[in-house]
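Visitor: I would like to go through this model with you, beginning with the ligand and then turning to individual residues.

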Amino acid sequence: MKKILVAHDGSKPSEKAMRRAFEIEGKFGSSVTIVSVIPDFYLADIMETDRARIVRTLTDDAKKMLERIKSRHQGAHPLKTVLKKGNPAEVVIEEARKMKASLIITGSHGRHGAQKFLLGSVSSKIVDHADCSVLVVK
Ligand SMILES: Nc1ncnc2c1ncn2[C@@H]1O[C@H](COP(=O)(O)OP(=O)(O)OP(=O)(O)O)[C@@H](O)[C@H]1O
Ligand SMILES: [Mg+2]
């Protein structure tokens, strides 16, 4: 468990995933990277200026969230944060590949999903397609 990648969308389950990563880091001396992805979105009839404004707001929010994580945890847990744009599952998988992570940790659900479904679409796609082990925290 040398390198762990945590997928964080600002949700409670992903916060739980991060805490689990810190536990493993404490036991195995792993390094923890937190990645958050601004999702691409396609809406018909939306003006480019509106789209740009939405992306800017999402980016600002994600930046603030990662800054908050760093200021809260970086003292006790050496961690890196990464902010990307694109398809969340694909970007997380690619990031894990690039950094040669041995474990990806995600929450079972995120910010949008209905809890009645077994797994969110992002975590389920990561489980299906990642090259390394995946831990889904409930
Ligand atoms: N944009 C994202 N960036 C980083 N990690 C993400 C992102 N979206 C989801 N995840 C990861 O996947 C986990 C599950 O979220 P997911 O999006 O699959 O479920 P959901 O939001 O409940 O449902 P859905 O998005 O399918 O409607 C989150 O706890 C987080 O670990
Ligand atoms: Mg989601």
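What follows is a set of questions and answers on the ligand site and on several residues.

Guide: This is a predicted model, in which local features need pLDDT of at least 70 and side-chain atom pairs count only at pLDDT 80 or more, while totals for chains, interfaces and linings use all residues. Residues are numbered from 1 along each chain as its sequence is written, chains are lettered from A and ligands numbered from 1 in the order in which they are written, and side-chain values use heavy atoms, with hydrogens and water left out.

Visitor: How many residues surround ligand 1?

Guide: A residue is near a molecule if one of its heavy atoms lies within 4 Å of it. The closest to ligand 1 are Ala7, His109, Gly110, Ser121 and Val122. By class, the shell holds 5 nonpolar, 13 polar and 2 charged residues, where Ala, Val, Leu, Ile, Met, Phe, Trp, Tyr, Cys and Pro count as nonpolar, Asp, Glu, Lys and Arg as charged, and the others, Gly among them, as polar. The number of residues surrounding ligand 1 is 20.

Visitor: How far is a backbone N or O atom of His109 from an oxygen atom of ligand 1?

Guide: An oxygen atom of ligand 1 is 3.0 Å from a polar backbone atom of Gly107, and an oxygen atom of the ligand is 2.8 Å from a polar backbone atom of Gly110. For His109, the separation between a backbone N or O atom and a ligand oxygen is 2.7 Å.

Visitor: What percentage of the area that ligand 1 exposes when taken alone does the protein bury?

Guide: Accessible areas come from the Shrake-Rupley method with a 1.4 Å probe, and for residues only the protein chains shown count as cover. Taken alone, ligand 1 exposes 620 Å², and the share of this that the protein buries is 88%.

Visitor: Which elements give two or more residues to the shell around ligand 1?

Guide: Helices (H or I, at least four residues) and strands (E, at least two) are DSSP runs, numbered from the N terminus. The elements that contribute two or more residues to this shell are strand E2 (31-39), strand E4 (103-107) and helix H4 (121-129).

Visitor: Is Ile105 buried or exposed?

Guide: Ile105 lies in strand E4, and its C-alpha atom is 11 Å from that of Lys138, 33 residues apart in sequence. Buried means under 20% relative accessible area, exposed over 50%, and partly exposed in between (1.4 Å probe, protein chains only). Because its relative accessibility is 0%, Ile105 counts as buried.

Visitor: Why does Lys138 count as exposed?

Guide: Lys138 is placed in the segment after strand E5 (133-137). Its C-alpha atom is separated by 5.4 Å from that of Ser108, 30 residues apart along the chain. Lys138 counts as exposed because its relative accessibility is 71%.

Visitor: What is the phi of Lys100 near, in degrees?

Guide: Lys100 is found in the loop between helix H3 (88-99) and E4, and at 68% relative accessibility it counts as exposed. Most residues other than glycine have a negative phi. In Lys100, a residue other than glycine, phi is positive, near 55 degrees.

Terms used
Polar contact = N/O pair within 3.5 Å; in protein donor to acceptor, adjacent residues only side chain to side chain.
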